[in-house]
Amino acid sequence: MKRRILVVCAQKGGVGKTTTVVNLAAALAERGHEVLVFDLDPQAGTTVTLGVDKRSTPYSVTALLKDDPLDVRDVILPTRTKGVDLVPGHINLTRSEQLLEQMIARETVLRDNTLPGLAATSYDFVLIDTPPSLGLLTMNGLSLADEWLLPIQAQYYSWEGVDQLAKLMLNMTQRLRHPVVLTGVLLTMFDRRTNLSSQTAREVTSLFGPWVFDAKVTINTRVAEAPSFRSTVLAHDPRGAGAAAYRQLAEEVVLRCPPWQPQEHEENATLLAEDPALPGELGGDGERRRAVDLPPHIAEDLARLQPLVDRMLGRASRRIEMPPQAEPPMVARTPPPVAETRSSPAVSAAEDEALWG
Ligand SMILES: Nc1ncnc2c1ncn2[C@@H]1O[C@H](COP(=O)(O)OP(=O)(O)OP(=O)(O)O)[C@@H](O)[C@H]1O
Ligand SMILES: [Mg+2]
């Protein structure tokens, strides 16, 4: 199979990025895949959870973020999880991020330094954990990846930061000529007992539709405590709900092999129609409906975000209830030539300015 490189990325902190990386890696390995994990977070939570002592690793991913890099094969370490290897994180990544500022092609240093050595390995999946920011470490993780997995915690204002990420993705597609396609959105720390989780699930599904994975990770003590045992939840509690959710996620990720295109009628039917915590939302024809009691400011936020998300997903906008836009300013400079992209329509220079403005 063709190697797949996925980055787990969300600007928001504490939404389950690291938990997703380590447990998805373990679940993919359980299915017989060879997995390599990159830990790009100075907190090095992935490194610790996979049972590697972050103080005594000979090298870390920092060795790939400089002008005279090591070969990635010299940085890779085995982990306690069979089938999962690691490029460890390190506290010094903070310093690496500062040094990257001075470097040419600073957003693609990791990709440029890693791909030659990686080509000589046999990993089926590469998973990348990123810090909770849109700084250069995250940018380097994104530019190494071809696919993106977005974890969203099922709580109030869960889509906060999604607009920045969507803009970043569109910008990367245009500027770096490197599209990163969204493989899926994972709802994490879902609490079936609360209306808030159900409401969030509805909002996220309304935004992303079939891109939301059927697998949902509920709040689970075993998932939370596994890192303190230097363990994934698949090893810590193999028969529990947490392990089951990550196995289901692994199955869905495998099935969404690019160029995956969702069927619109697949609209995450299990989430919206069958979950008793989510009162019937689907019409007989599978049409999605928004909950009636959505506060106006949230409805406005979602309406504003929807066209951006639709554009990032490369699909036609379906519900534009935006206030009329002012005419874009005249742009004197000639727009750069734009390459064909896989997932997102090209962005004009004026739009680009609007994205970053
Ligand atoms: N399903 C779950 N049930 C209970 N606790 C969870 C669950 N998933 C993650 N957690 C806990 O939530 C906290 C945040 O998770 P995690 O570290 O994976 O988030 P993160 O997005 O990587 O955070 P950061 O942005 O700081 O890197 C951790 O203490 C983790 O153990
Ligand atoms: Mg983390």
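**Ligand, core and helices**

Modeller: Let's begin at ligand 1, which is surrounded by 19 residues, the closest being Gly13, Thr18, Thr19, Pro132 and Ala224. A residue counts as near a molecule or strand if its C-beta atom, placed from the backbone, lies within 6 Å of it. Elements giving two or more residues to that shell are α1 (17–30), β7 (181–190) and α8 (221–225), and α1 gives the most, with three. This is a predicted model, where local features need pLDDT of at least 70, side-chain atom pairs count only at pLDDT 80 or more, and totals for chains, interfaces and linings use all residues. Residues are numbered from 1 along each chain as its sequence is written, while chains are lettered from A and ligands numbered from 1 in the order in which they are written.

Biologist: What makes something a helix or a strand here?

Modeller: Both are DSSP runs numbered from the N terminus: H or I over at least four residues for helices, E over at least two for strands. The protein chain has 13 helices and eight strands.

Biologist: Why is Leu24 called buried?

Modeller: The cut-offs go by other C-beta atoms within 10 Å of a residue's own, placed from the backbone: 20 or more is buried, 12 or fewer is exposed, and in between is partly exposed. Leu24 has 26, so it is buried. Leu24 sits in helix α1, and, leaving aside neighbours within four places in sequence, it is in contact with Leu127, Tyr246, Leu249, Ala250 and Val253. Contact here asks for C-beta atoms, placed from the backbone, within 7 Å.

Biologist: Which residues have the most contacts inside the largest nonpolar core?

Modeller: They are Leu24, Ala25, Val37, Leu127, Trp148 and Leu249, in a core of 90 residues. Such a core is a set of buried Ala, Val, Leu, Ile, Met, Phe, Trp, Tyr and Cys residues joined through C-beta atoms within 7 Å. Its largest share, eight residues, comes from α1.

Biologist: Why is helix α5 (residues 136–144) said to be largely enclosed?

Modeller: Nine of its nine residues are buried, so the rest of the structure largely encloses α5. Those buried residues pack against β1 (4–8), α3 (93–100), α4 (109–118), β5 (125–129) and α6.

Biologist: How do you know which way α6 crosses α12?

Modeller: A crossing is left-handed if the near helix is turned anticlockwise from the far one by less than a right angle, and right-handed if clockwise. α6 passes α12 in a left-handed crossing. The contact is made by Val162, Asp163, Ala166, Met169 and Leu170 of α6 and Leu305, Leu308, Val309, Arg311 and Met312 of α12.

Biologist: Is Tyr157 exposed or buried, and why?

Modeller: Tyr157 has 12 other C-beta atoms within 10 Å, so it is exposed. You'll find Tyr157 in the loop between β6 (147–153) and α6.

Biologist: Why does Arg230 count as partly exposed instead?

Modeller: Arg230 has 16 C-beta neighbours inside 10 Å, so it falls in the middle class. Its place is the loop between α8 and α9 (233–236).

Biologist: What stands out in the backbone?

Modeller: Most residues other than glycine have a negative phi, and most peptide bonds are trans. Phi is near 55 degrees, a positive value, at Tyr157, and Arg230 has a phi near 55 degrees too. The peptide bond from Pro258 to Pro259 is cis, with omega near 0 degrees.

Note on methods:
Two residues are in contact if their C-beta atoms, placed from the backbone, lie within 7 Å.
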